[in-house]
Structure formats: structure tokens, C-alpha cells
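Good morning, colleagues. Please look at the next structure with me; I shall speak about its domains and then about its ligand site.

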Amino acid sequence: MLITTNKEIQRKIDSAVAGLNSRIQELEKQANQIQAILNSMIEGVIAVDRHANIISINPAIEQIFGISKKDAEGRLLLEVIKNNDIFEIASAVLSSAQTASKELDLVWPVKRIFQLNATPLFEAGAVSGCLLAIHDITEIRRLEAMRRDFVANVSHELKTPLTSISGFVETLLEGALEDKENSRHFLEIIKEHTRRLNSLINDLLELSCIESSNSGLELEEIKLSGFVDKILSAFKSQLKKKTILTENIIPQGLSVKADKNRLEQVLVNLIDNAIKFNQDKGFIKISAEDLGDKIKIIIEDSGAGIPAKDIARIFERFYRVDKARSRELGGTGLGLSIVKHIVELHAGTVGVDSVEGAGSKFWFTLPLII
Ligand code: ADP
């Protein structure tokens, strides 16, 4: 009887041990899964206990703050991450048991903007710690600022000619219409501003079309030299007006794979600028080099060149070295950003080598295989 009872007890213990073992295995599996998730997250995660001592950090936090898990765990949050905002949020969450969030403008050890979200952790109904999640929103903020600037720039660019047009129309209506000589002059000005509005809107539409057609390229083999000759011939009268000599020294056999219309736009914009910003009796030289995996096309002019301080920004929308001069020449400030977009759609790069007063060499590359 006693033996049976002992056996029964043994069986019960065995089954309890087996149950515990499988529970431990289950918990280990869950812990491993959580660890794997934390390790692969781009968001930084910090868990602290109720005294704000670090329980755990993930690799993203190690990377952002240049710290190691080994050195951080078990130490006070503020001691490891010397950031008052993060510490204050953690303290607030620990004392209020409420979630909290804040935007962090970090300048050290990295200059980035983070969204910080903090959640209390509970154990038996009481706050036992806090979980801090840090999400990098630098790119989102940069794009928002870019969009704001763009809208402000477009509004400004549209407003200038519109103000002139309505001003001159009013002057005409108030009596200048009777003054034959002046009224003609005013109408010429209105026409010029209308033309400006038109080219601005065309360039904006073009830009938006290029931006939204990421893969809409119709690639074909283009024989470069003949293609450039054709484009140059369309500029005949402008070139003649300024007595500018052109030289196309692209090797005859050189071909590129590109979207014909888009490549034409790139060359038209660059040649148009090379004429506009050139001096009378100047020159334009167009050449191309085979760099093995890509072709580099160079448009060189003998114009005013670009000051060193402006070179880095020259391909930005609406960026102009001399706003008044560009407007006078009929520019919108969007030509080079259209060029950059198109070249990048072809997986190429653009750039300019220029010395103020000594001409410019605008270049772009097109990969041989895209
Ligand atoms: P736009 O020509 O309509 O002003 P772009 O985007 O084509 O606008 O060019 C931006 C600016 O870059 C121009 O206003 C001018 O200041 C400068 N730039 C462009 N091409 C040349 C060039 N070949 N020589 C000198 N400056 C140039």
C-alpha cells in the first residue's frame, strides 16, 4: 500500500517537473522571441526599473548613444544616457503611471530628431518600471521642412509676376489705356510676366511629372553625337544672337541607353544655361567620356562661372546665384533640379566643376547598364 502511495507521489512529482520544464521551455522561447524582436528593431528601446536603473537596452540604443549593453545594464539611466529630457520623461512616467511622449532634438552624440514614447510597466498593480521607445524622425522632419519651403517658394515665385500684371492692368484701366505709347509698353510688360508665369507652371508640372513617374522611363539606345547635334541646331538663333561658337567632340561611335525625351530635356536645360550665362563671343564645348561602367557627358562653357559658396546648392529647386539676372534671362530656377531628377531616374549622377569668372563644366553620368 505504502509502495503504491510512494509510486503515486513519485509520478505526481515527475509530472509536476515535466510541467515545469515545459513551462520553462515555453518562457525561454518567449524570452528569445522578445530578444530577437528587440535586437532587430530600428527603434531604440530602454527598460528601466522603478528607481530608473536600466534593466535592458537594445542594439539600436547602443548604436545611437555609443554605449554597450554590458556597461549600461544595472546602472542609473541618467548616468549612462546623459540626457535630461529622457530622464525627466522616465521619472514622470514612473511617478504618474501614465504614458508620455516628447520630441527630442538630440545634438550629441548624434545630431538627430527622435520621437520618444514612454510607457509604465506594472507588477501586481504597482508601477515596477518604464519602457522607453525612441524613434528617429529626422528624415520626416526634413521632408516636412522641404515641403514647407517649396510651397513658400512657389507662392512667392507666382506672386511676383501676378502682382505686376494686376498693377499694370489697374494702371491701364485708370486711364493709361488712352495713352497709346505707354499702354503698348505696359501691355508688353504684362505679356512678359504672363510668359514667366507660363514657364514657371510648365516647369512645376514637369517636375511633378518626373517625380511621380519613378519607373516610367522608355529606355532606348541613343547615338550621342548626332543626338547632341540635333539639339544644338534648335538653339541656332540664340547662339547666333550672342555669337557663341559650339563644339561637339563626342566620339562618333558612343551610344547611351536612356529615355530619349528625358535625355533631350537634360541637354536642352544644360545647353540653354550655357548660352544664357555665357558671354558674347563665348564658346560651348560638349564632350563625353567612356568610364567603363558609365558614360560621362560634359557641357563646358566660357560664361561667368559659379561662386564656390553656391556650388553645393546649385541643383536645389529655385536656387539661383543671381535671382534678378536669372529672371531677366527668363529662368525659373527649376531647370537644374529637373536635370538632377532625370539623371537620378537613370541611376546617374550630376555635378559641376566651376571657378567664378572662368566658366563652368556641368556634367552628368549615365550607367551603361541600368
Ligand atoms: P534658371 O536658369 O532658370 O535660373 P537653373 O536651375 O537652370 O535655373 O539654374 C540655377 C542657377 O544656376 C542659375 O540661376 C544660375 O545662377 C546658375 N547656373 C546654371 N547654369 C549656369 C552656367 N552654365 N553658368 C553659370 N551659372 C549657371
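The centres of domain 1 and domain 3, taken over C-alpha atoms, are 51 Å apart. The assignment, which is automatic or from a database, places domain 1 at 41-136, domain 2 at 137-215 and domain 3 at 217-370. This is a predicted model, in which local features need pLDDT of at least 70 and side-chain atom pairs count only at pLDDT 80 or more, while totals for chains, interfaces and linings use all residues. Residues are numbered from 1 along each chain as its sequence is written, and side-chain values use heavy atoms, with hydrogens and water left out.

I turn to the ligand. Which residues come nearest to the ligand? Of the 20 residues around the ligand (a heavy atom within 4 Å), they are Asn273, Ser326, Thr332, Gly333 and Leu336.

An oxygen atom of the ligand lies 2.6 Å from a polar side-chain atom of Ser326. For Asn273, a side-chain N or O atom is 2.8 Å from a ligand oxygen, and for Val321 a polar backbone atom is 3.0 Å from one. The protein buries 97% of the 540 Å² that the ligand exposes when taken alone, by the Shrake-Rupley method with a 1.4 Å probe.

As to the shell, helix H10 (260-276), helix H13 (335-345) and strand E12 (360-367) each supply at least two residues; these are DSSP runs, of at least four residues for helices and at least two for strands. H10 gives the largest share, 3 residues.

How values were computed
Polar contact = N/O pair within 3.5 Å; in protein donor to acceptor, adjacent residues only side chain to side chain.
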